[in-house]
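Hi everyone, thanks for making time this morning.

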Amino acid sequence: MDFIVAHNLTGLLIGICTFLIIGIFHPVVIKCEYYFGTRCWWVFLILGIAGTFGALWVHNVLGSSLLGVFAFSSFWTILEIFEQKSRVKKGWFPMNPKRKAEYHDN
């Protein structure tokens, strides 16, 4: 950590990690919607709340920043799971054949 601070690399490291966190959440959205549908949104709510509290609790700038990015990526995933359902309805992503009835509007 001293090397990172001494060479003023904290911002770059936060940027790289932010990119990776957001990149990891994209396939998570696709897989969660495929296997669980939209009913798993509350898991991401809990992860977001936990990440928010973690960001407030951690005193290290790097750790706090990454927890904040994780928290708000989790919150954003809630919206994306519902958007993913509409993308599946449009045929842009594969539909889980075991949950075919969930994609039909009543």
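A quick word on naming: helices (H or I, at least four residues) and strands (E, at least two) are DSSP runs, numbered from the N terminus. Please keep in mind that this is a predicted model, where local features need pLDDT of at least 70, side-chain atom pairs count only at pLDDT 80 or more, and totals for chains, interfaces and linings use all residues. Residues are numbered from 1 along each chain as its sequence is written, and side-chain values use heavy atoms, with hydrogens and water left out.

Let's begin with Asn8, in the loop between α1 (2–6) and α2. Most residues other than glycine have a negative phi. Asn8, which is not a glycine, has a positive phi of about 55°. Its relative accessibility is 66%, so Asn8 counts as exposed; the cut-offs are under 20% relative accessible area for buried, over 50% for exposed, and partly exposed in between, with a 1.4 Å probe and protein chains only.

Now, how do α3 and α4 run relative to each other? They are roughly antiparallel, a term for angles over 145 degrees. The axes of α3 (residues 41–57) and α4 cross at roughly 160° and come within 8 Å. Those axes are lines fitted to C-alpha atoms, for helices over the stretch in contact, and angles run from 0 to 180 degrees between N-to-C directions.

Contact here means heavy atoms within 4.5 Å. The residues of this contact divide into 13 nonpolar, 8 polar and no charged; Ala, Val, Leu, Ile, Met, Phe, Trp, Tyr, Cys and Pro count as nonpolar, Asp, Glu, Lys and Arg as charged, and the others, Gly among them, as polar.

Thr52, in helix α3, is partly exposed because its relative accessibility is 26%. Leaving aside residues up to four places away in sequence, Thr52 touches Ala71 and Phe75. Thr52 and Leu67 sit 15 residues apart in sequence, with 6.9 Å from C-alpha to C-alpha. Then there is Gly54, also in helix α3: at 14% relative accessibility, Gly54 counts as buried. The C-alpha atoms of Gly54 and Ser65 are 9.9 Å apart.

Last stop: Leu66 touches Ile14, Cys17, Thr18 and Ile21, again not counting residues up to four places away in sequence.

Conventions: Angles under 35 degrees count as roughly parallel, over 145 as roughly antiparallel, 65 to 115 as roughly perpendicular and the rest as oblique.
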